[in-house]
Amino acid sequence: DFASPPHSWERSDDDQVVDIATVLDSNVEELARNLTFLETMYFSKISITELMNKRFEKPDRSPNLSSTIERFNAVTSWVATTIVMAPSVSKRVDVIARFIDLAKALEGLNNYSGVIQIVSALQNVSISRLKQTWVLVPPRSVKLFEELCPYANPEGNYSFYRKASANVKSSFLPYLGCFTKDLTAIEEMTTQLPGNKINWEK
């Protein structure tokens with residue numbers, strides 16, 4: 001349930017830079033709850049009308065959806081930047097391991113948007129090319145990362161993510177990339193079928 005805020009949380013919006021010490025010293029579960037709560041605030045502002053008639057393709061016609069997408073990109077950028085800005089290889093290893101733990105905690109909260117934000121950042125070429133760093137990442141963290149990577153895999157139209165989210169029995173935060181893609185496909189479906197029949201599926 002994403003309706004209530006975490007027991008204790010500090011302002012952590014796009015205007016505030018969360019430093020490396022905060023990432024390493026914060027409780028992972030609490031940080032995941034904070035991020036999920038903030039993400040939920042963005043999602044809750046999206047109106048149904050922003051998702052109709054391809055309005056989501058134009059930022060001026062879907063301001064809340066656009067803000068949510070911008071936040072997705074901002075968090076991904078924050079993760080990558082925090083890793084790159086680490087003062088040493090050992091610190092960078094610690095930060096990567098912590099972000100992997102954070103992604104796992106977000107998965108436990110059904111925050112698939114957050115999981116894909118972090119996985120996407122770790123798969124970014126600026127991070128994946130850090131060979132000397134990755135070789136030092138603990139095997140446990142590497143294994144965990146490999147288990148989370150399928151969420152961001154577009155193969156089969158994000159089949160892994162779709163199956164996981166379809167099995168959720170409670171609230172979850174979706175990956176908007178899939179959501180808008182599906183809406184586009186629906187909008188482009190023909191309304192009229194051969195024989196003057198109505199396409200009720202649309």
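Cys 178 is buried, since its relative accessible area is 2%; buried denotes under 20% relative accessible area, exposed over 50%, and partly exposed the range in between (1.4 Å probe, protein chains only). Cys 149 also counts as buried, at 16% relative accessibility. The number of disulfides is zero, a disulfide being a pair of cysteine sulfur atoms within 2.5 Å.

The model is predicted: local features need pLDDT of at least 70, side-chain atom pairs count only at pLDDT 80 or more, and totals for chains, interfaces and linings use all residues. Residues are numbered from 1 along each chain as its sequence is written, and side-chain values use heavy atoms, with hydrogens and water left out.

Asn 110 has a positive phi, near 60 degrees, although the residue is not glycine. Asn 110 lies in the loop between α4 (89-108) and α5 (112-123); helices are DSSP runs (H or I, at least four residues) numbered from the N terminus. Asn 157, also a residue other than glycine, has a positive phi near 55 degrees and belongs to helix α9 (residues 155-166).

| Residue | Relative accessibility | Class |
|---|---|---|
| Asn 110 | 16% | buried |
| Asn 157 | 31% | partly exposed |
| Val 135 | 64% | exposed |

Val 135 sits in the loop between α7 (131-134) and α8 (139-148).

Notes: Helix = DSSP H or I, 4+ residues; strand = E, 2+ residues; numbered from the N terminus.
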